[in-house]
Amino acid sequence: MQHRIIEITTEFIKLDSLLKFAGIVAVGGEAKFMVTSGAVLVNGEVCTMRGKKIRPGDMVTIPCDSVELEVRNA
């Protein structure tokens, strides 16, 4: 599993935007499909809300890509 730290300068970032920002997907449509299909975990639980607010300290995991994103303050 690849562990990556993503630093944000805002209070939160929406889940679909995080996937684009981290380079996991190229466009929003891919992010929407990935999230709504249940392929993304937030803090260990399946999340199907693409607008979920991800805050520093949250962990986003994409098991099919073996990627774990840890969100921190910049």
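Where is the place of Asn43? Keep that in mind while you get oriented; the tour comes back to it.

**Before you click**

What you have open is a predicted model, in which local features need pLDDT of at least 70 and side-chain atom pairs count only at pLDDT 80 or more, while totals for chains, interfaces and linings use all residues. Residues are numbered from 1 along each chain as its sequence is written, and side-chain values use heavy atoms, with hydrogens and water left out.

**The whole chain**

Start with a cartoon view. Helices (H or I, at least four residues) and strands (E, at least two) are DSSP runs, numbered from the N terminus. Along the principal axes, the C-alpha atoms fill a box of roughly 30 × 25 × 20 Å.

Now colour by burial. Of the 74 residues, 35% are buried; buried means under 20% relative accessible area, exposed over 50%, and partly exposed in between (1.4 Å probe, protein chains only).

**Into the core**

Select Leu19, Ile24, Val60 and Leu69. These have the most contacts inside the largest nonpolar core, which has 21 residues. A nonpolar core here is a set of buried Ala, Val, Leu, Ile, Met, Phe, Trp, Tyr and Cys residues joined through side-chain atoms within 4.5 Å. Strand 1 (2-8), helix 1 (15-21), helix 2 (28-36), strand 6 (59-62) and strand 7 (67-73) each give two or more residues to this core.

Stay on Leu19 and show what surrounds it. Beyond its neighbours within four places in sequence, Leu19 is in contact (heavy atoms within 4.5 Å) with Ile24, Val25, Ala31, Met34, Val35, Val40 and Ile62.

Next, pick Thr61 in strand 6. Thr61 counts as buried because its relative accessibility is 12%. Setting aside residues within four places in sequence, its contacts are Met1, Ala39, Val40, Leu41, Val67 and Glu68.

Follow that list to Leu41, which sits in strand 3 (residues 41-42). Apart from residues up to four places away in sequence, Leu41 touches Val46, Met59, Val60, Thr61 and Pro63. For a distance check, draw a line from Leu41 to Gly23: they are 18 residues apart in sequence and 17 Å apart in space, C-alpha to C-alpha.

**Out to the surface**

Is Phe33 buried or exposed? Select it in helix 2 and look: Phe33 is exposed, with a relative accessible area of 61%. Its C-alpha lies 25 Å from that of Glu11, 22 residues away along the chain.

**Two loops to finish**

Back to the opening question: Asn43 is in the loop between strand 3 and strand 4 (45-46). At 44% relative accessibility, Asn43 counts as partly exposed. Check its backbone too, where phi is near 50 degrees, a positive value in a residue other than glycine. Most residues other than glycine have a negative phi.

Last stop: Ser66, in the loop between strand 6 and strand 7. Its phi is also positive, near 55 degrees, and Ser66 is partly exposed because its relative accessibility is 38%.
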